[in-house]
Amino acid sequence: MAREYEDSGIMRQYQGYVRVLAPFCILVLFLLLTLTASYKPIIVVHGLFDSPSEFQILKDFINETHPGTNVTVVDLFDRSASLQPLWKQVEGFRQAIHPIMQNAGSGVHLICYSQGGLICRALLSTMPDHNVDTFISLSSPQMGQYGDTKYLKWLFPQHVKSNLYRLCYTQFGQDFSICNYWNDPHHRDLYLNSSNFLALLNDEKLNPNATDWKKNFLRIRKMVLIGGPDDGVIMPWQSSLFSFYDKNETVTEMHYQPVYLEDTFGLKTLDARGDIVFYTMRGVAHTFWHSNRTVYDTCIAKWLT
């Protein structure tokens, strides 16, 4: 009998603990579910010669710091297909990411690497209903490319930067993605006349859709620009921060660029809002931006809420 009373007492004590702890456990579970649900979906757009497989480390970083986040590395125009004209790629990526945006009531974040940063900027400019919260441009030639790199030497072995304009600024050359943002400071007129992507996107040449594109671009809440002097591919590396060469190949900072001063596509407006964030990271080679933990922790993680 004493044993039964003892067991009964233990059971009542246990039930008492359950009654006390249950609400607390439910609250913790609710908070965890709410926190996980609060993370916006992330869309990643890769660069030249890349594919989704190169971004597994980045996905692991995100899942560690923002568990439960829906991360999509768009599997389009991989490897050599990334050489296709950029407007063709923009249309393909638009079709792929639009359903993700439609299903994300609170919006999405974009992480766009290298050439992918230009694709993303074109998407932001041409999608009137996009719901991008933060656009993270990761070592992307936003003001164009002008430099001899291993990619260039492999693609066009008979050309160097000083004469690549002869190919890029032709109808044939504009069928290659890299020529779509080749920006030769010594042949400005040819660039403006021939570039059917970057010059149009920057509203440096007549664009009947410029007003709408600017309005669309400014729908974003933040733009995060990341680059560094040891990149080795983006030339000048400051192009990733919207700076570029003048005719003497001296880098002119973003605030003195005509596209900024004239606010052609919304860059000055975004800056005036306080919604451009700059990160300059040393010691990072181009192919390691998306797998470098310091870059992720310093420049990316805080923007993914």
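Colleague: At what angle do helix H4 and helix H10 pack, and how far apart are their axes?

Modeller: In this predicted model, H4 (residues 115-126) and H10 (residues 210-217) pack at about 110 degrees, with axes 6 Å apart. Axes are lines fitted to C-alpha atoms, for helices over the stretch in contact, and angles run from 0 to 180 degrees between N-to-C directions. Helices here are DSSP runs (H or I, at least four residues), numbered from the N terminus.

Colleague: Why is H4 called roughly perpendicular to H10?

Modeller: Angles of 65 to 115 degrees count as roughly perpendicular. The angle is about 110 degrees, so H4 is roughly perpendicular to H10.

Colleague: Which residues make the contact?

Modeller: Contact means heavy atoms within 4.5 Å. H4 brings Arg121, Leu124, Ser125 and Thr126, and H10 brings Asp212, Trp213, Asn216 and Phe217.

Colleague: What makes something a pocket here?

Modeller: On a 1 Å grid over the protein atoms alone, a 1.4 Å probe has to fit, and the set of points is open, with protein on both sides within 12 Å along at least five of seven lines. The largest pocket has a volume of about 240 Å³, that is, the space filled by probe spheres set on its points, which are joined across faces, edges and corners.

Colleague: How many residues line the largest pocket?

Modeller: There are 14, and Arg188, Tyr245, Asp246, Gln257 and Pro258 lie nearest its centre. Lining residues have an atom within 4 Å of a point.

How values were computed. Residues numbered from 1 in each chain as written. Predicted model: local features only at pLDDT ≥ 70, side-chain atom pairs only at ≥ 80, totals over all residues. Heavy atoms only, no water. Helix = DSSP H or I, 4+ residues; strand = E, 2+ residues; numbered from the N terminus. Parallel < 35°, antiparallel > 145°, perpendicular 65-115°, else oblique.
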